[in-house]
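Subject: Structure handover, with notes on strands and helices

Dear colleague,

Please read the notes with the coordinates open beside them.

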Amino acid sequence: MKMVDVYDESTNKVVGSVPKYNAEEIAEMVDKAYAMQPIWEKTPLYERSEILYKFCSLVDKHAKEIALAMCNEMGKPYAKALSELTYSPNIGRANIEYGRHMFGSILNDTAPGMENDVVMVRHEALGVIACVIPFNYPVELTIQKIVPALLMGNTCVVKAATTAPISVKMICDLAHEAGVPEDCLFYLTGDRDDCTKALLRNPKVACIALTGSNEAGTEMIHNAADTIKKVALELGGNDPFIVTEECADDPELMATAIACVGWGRLTENNGQTCASPKRTLVHRRAHDAFVKGMLKFVENLKQGPATDPESDITRLVSVKAAEKVEKQVQMTIDQGAKLLYGGDRDGCIMKPVILDNVTKDMDIAKDMEVFGPVVPIITFDTDEEAVEIANQSKYGLSSGVATKDMHKAFYY
């Protein structure tokens, strides 16, 4: 094992260091987790749940310092980081309560000859779970994966993203402090090839739980195939948000629509969120008012350091990530879109971008997921056209509709 430095790419300052493991060390972790799993599964459920409740309380206690680590390593605005540290332990508690009530069942005697049989269904652990954590919600997604897995008697090996490893390590350390045995939960960062060989394709790993891109999900399925591992995947999205015609005549509803797009797309982790309104579909009658409102919204945003509690928007996770978004924006402009606001980039710092005149045949309107603060505005004339545009993407994560008409909401 060697230690590697973690940088804030907006300042190039070292903000911490984490261990980096090679393939041999990773394989040893899996061996230990595999040996420990039957022992951990025999620990009574109520004892496992009490340990995990204590873990969630420790996350509450250390929320501010973990939030600050997130700000420094991946640039999440402090207010959003602290929010993640507020709701994430509650996700853990909800999973604990759900798991405590996953009762078995008795099957009925549905066939001749079964009248005197007792056929029972009970839940058992899978084994070792490989938890692959993305950079954008490191605390939430670590807790979301390890709490239900550990609760049900599995052991976990957690691979953190290289751009957000510190906060994940802090979470794993707190789990150990709460009483999760060392060999039940391992933390690692490592080279891609080492992790693939020693963890993801390891026959002693029973399941891969990943949050990431569609491409990463495809890779995980390939990694799982030879040993027929289970996979649990939360992948990318290019979610539509539909601003209906009624917004044109309802200033309050229009303000709500603008807030949903502004806060959900731009300030929520600087646009680096899987489930956010990435494609804004606006009825032609509502177009001008929506554009005017969005321009006012972005002009009032405060862009600053991630550690400043007053910052609405900060930076992208890395220079590489910002360069990719910049190229995607330029590609959309080259295809005919009009840049209304932003487009400036300084390293990993980007101003919010508003693009108008986006048409349904452009890449950004279909399958190009932009992981940054970019609002593409696509104008439509009929409800049927809006549905057609919304459904033309290969993604299917989430969506939104600004309307007071519940019939229309359900139609969309």
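Helix α9 passes helix α10 in a right-handed crossing, a crossing being right-handed if the near helix is turned clockwise from the far one by less than a right angle, and left-handed if anticlockwise. Helices (H or I, at least four residues) and strands (E, at least two) are DSSP runs, numbered from the N terminus. This is a predicted model, in which local features need pLDDT of at least 70 and side-chain atom pairs count only at pLDDT 80 or more, whereas totals for chains, interfaces and linings use all residues. Residues are numbered from 1 along each chain as its sequence is written, and side-chain values use heavy atoms, with hydrogens and water left out.

Two packed helices are described by the angle between their axes and the distance between the axes. For α9 (residues 251–267) and α10 (residues 287–299) the angle is about 45 degrees and the axes are 10 Å apart, where axes are lines fitted to C-alpha atoms, for helices over the stretch in contact, and angles run from 0 to 180 degrees between N-to-C directions. That makes α9 oblique to α10, given that angles under 35 degrees count as roughly parallel, over 145 as roughly antiparallel, 65 to 115 as roughly perpendicular and the rest as oblique. On the α9 side the contact (heavy atoms within 4.5 Å) includes Met254, Ile258, Trp263 and Leu266, which meet residues of α10 including Phe290, Met294 and Phe297. By class, the residues of this contact divide into 11 nonpolar, 2 polar and no charged; Ala, Val, Leu, Ile, Met, Phe, Trp, Tyr, Cys and Pro count as nonpolar, Asp, Glu, Lys and Arg as charged, and the others, Gly among them, as polar.

An open sheet of 6 strands comes next, with the order β12-β15-β16-β11-β10-β17 and mixed pairing, two strands being paired if DSSP finds at least two bridges between them. Its edges are β12 (338–341) and β17 (400–402), each of which has a single partner strand, so one side of each is left without a neighbour in the sheet. Neighbouring strands of this sheet are turned by 25 degrees against each other on average, direction ignored. Within it, β11 (residues 277–283) and β16 (residues 374–380) pair in the parallel sense over 4 bridges, and the bridge partner of Leu281 in β16 is Ile378. Helix α9 packs on this sheet, where it touches β10 (239–243), β11, β16 and β17, and its direction makes about 160 degrees with that of β11.

A second open sheet has 5 strands in the order β7-β6-β5-β8-β9, with parallel pairing. Here β7 (185–188) and β9 stand at the edges with a single partner strand each, so one side of each lacks a neighbour in the sheet. The twist averages 15 degrees from one strand to the next. Strand β8 (residues 205–211) pairs in the parallel sense with β9 (residues 230–234) over 5 bridges, and Cys207 has Lys230 of β9 as its bridge partner. Strand β5 (residues 128–132) also pairs with β8 in the parallel sense over 5 bridges, with Val132 opposite Leu210 in β8. Together β8, helix α8 (residues 214–225) and β9 make a right-handed β-α-β unit, meaning that, with the strands pointing away from the viewer, the path from the first strand over the helix to the second runs clockwise. Helix α5 (residues 138–151) lies across β5, β6 (155–159), β7, β8 and β9, and runs at about 165 degrees to β6.

With α6 (residues 165–178), α3 (residues 63–74) packs at an angle of about 155 degrees, with the axes 8 Å apart, which makes α3 roughly antiparallel to α6. Among the residues that make this contact are Ile66, Met70 and Glu73 of α3 and Ile166, Met170 and Leu174 of α6. The axes of α3 and α4 (residues 78–100) come within 8 Å and cross at roughly 130 degrees, and the two helices are therefore oblique to each other.

Lastly, β1 (residues 2–8) and β2 (residues 13–20) pair in the antiparallel sense over 7 bridges, with Asp5 opposite Ser17 in β2. Their hairpin has 4 residues between the strands, and Asn12 takes a positive phi near 60 degrees there.
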